[in-house]
Amino acid sequence: MKTITENIQKIKNELPKHVTLVAVSKTKPIENIIEAYESGQRIFGENKVQEMVEKQEALPKDIQWHMIGHLQRNKVKYIASFVDLIHGVDSFKLLQEIDKQGKRNNRIISCLLQIFIAEEDTKFGLNQEELNQMLSDEAFQDLNNIKIVGLMGMATFTEDTNKIKREFTFLKDIYEQTREKYVNLEQLNLQTLSMGMSNDYPIAIECGSTMVRIGSHIFGIRNH
Ligand SMILES: *Cc1c(COP(=O)(O)O)cnc(C)c1O
């Protein structure tokens, strides 16, 4: 088995310059994160609030923590003071709560809107119509403590690479359209397209990804 350091170096060598690596450390112990940190990695992704808070308290403060999981509204307050980017925003109510907590912490919290692109109905996200509704809503303009910096999506978990390619291309199209359509919206500044995980990140990059979220290819298979 390769070490975490070797895995990170290998992946970093493969990634084009414009693609950012989020090392997904969920379920993994502090020691694993320290090894990745010592090899130069600074961005880590977690999907549980409690776990992220504990790790944030224990680890160096120059780590950028990304919330990649489904975030419940009543838990936003626990991460609002430090979270660097929230990937999975999929409702206006959640966005309003993030805005409220951003205000309390006197900061603007960067968010990605999660778009539903897979065929399975187990995955969260907005469809294109819901996305447009949210961005056209007047109430959206009242939000002063959030910034939508991009979109995020997860493809179907399948061996069918053509299918994965279609789903990522679909997201890239929505990304470009949204960027053009809402160019005057102050709360929106799309620069990040978060797509691609261990099993599909090379395809995601081909399709225009600028941020990949990689867990098992760095830290090994998760036990749960
Ligand atoms: C767990 C997770 C990942 C990383 O998955 P791997 O297959 O281990 O690379 C990426 N994105 C999200 C949203 C996740 O929940």
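**Entry 1: Glutamate 97**

I began with glutamate 97, which lies in helix α5 (residues 92-104); helices (H or I, at least four residues) and strands (E, at least two) are DSSP runs, numbered from the N terminus. The model is a predicted one, in which local features need pLDDT of at least 70, side-chain atom pairs count only at pLDDT 80 or more, and totals for chains, interfaces and linings use all residues. I number residues from 1 along each chain as its sequence is written, and side-chain values use heavy atoms, with hydrogens and water left out.

Is glutamate 97 buried or exposed? I found that glutamate 97 is buried, because its relative accessible area is 16%; buried means under 20% relative accessible area, exposed over 50%, and partly exposed in between (1.4 Å probe, protein chains only). Setting aside neighbours within four places in sequence, I noted contacts of glutamate 97 with Arg73 and Val76, where contact means heavy atoms within 4.5 Å.

**Entry 2: The chain as a whole**

I then looked up the overall fold and recorded nine helices and eight strands in the chain. The radius of gyration is 17 Å, close to the 17 Å that the globule rule gives for 224 residues, so the chain is as compact as a globular protein of that length. This radius is taken over C-alpha atoms, and the globule rule is 2.2 Å times the number of residues to the power 0.38. Along its principal axes, the C-alpha trace spans about 55 × 45 × 30 Å.

I noted that 51% of the 224 residues are buried. Of the contacts between residues at least 6 apart in sequence, 61% join residues at least 24 apart. The chain exposes about 11300 Å², and carbon and sulfur atoms supply 46% of that area; the areas come from the Shrake-Rupley method with a 1.4 Å probe, and for residues only the protein chains shown count as cover.

Beyond four places in sequence, isoleucine 79 is in contact with Val49, Met52, Val53, Met67, Leu71 and Ile86.

**Entry 3: Threonine 156**

I located threonine 156 in the loop between β6 (146-152) and α7. Threonine 156 counts as buried because its relative accessibility is 7%. Not counting residues up to four places away in sequence, threonine 156 touches Ala118, Glu119, Glu120, Lys123, Lys163, Ile164 and Glu167.

Isoleucine 11 has its place in helix α1 (residues 4-14). I list isoleucine 11 as buried because its relative accessibility is 3%. Leaving aside neighbours within four places in sequence, I found isoleucine 11 in contact with Leu21, Tyr201, Ile214, His217 and Ile218. Isoleucine 11 and histidine 217 are 206 residues apart along the chain, yet their C-alpha atoms are separated by 8.6 Å.

Lysine 2 lies in the segment before α1 and counts as exposed, at 52% relative accessibility. From C-alpha to C-alpha, I noted 9.1 Å between lysine 2 and isoleucine 218, which are 216 residues apart in sequence.
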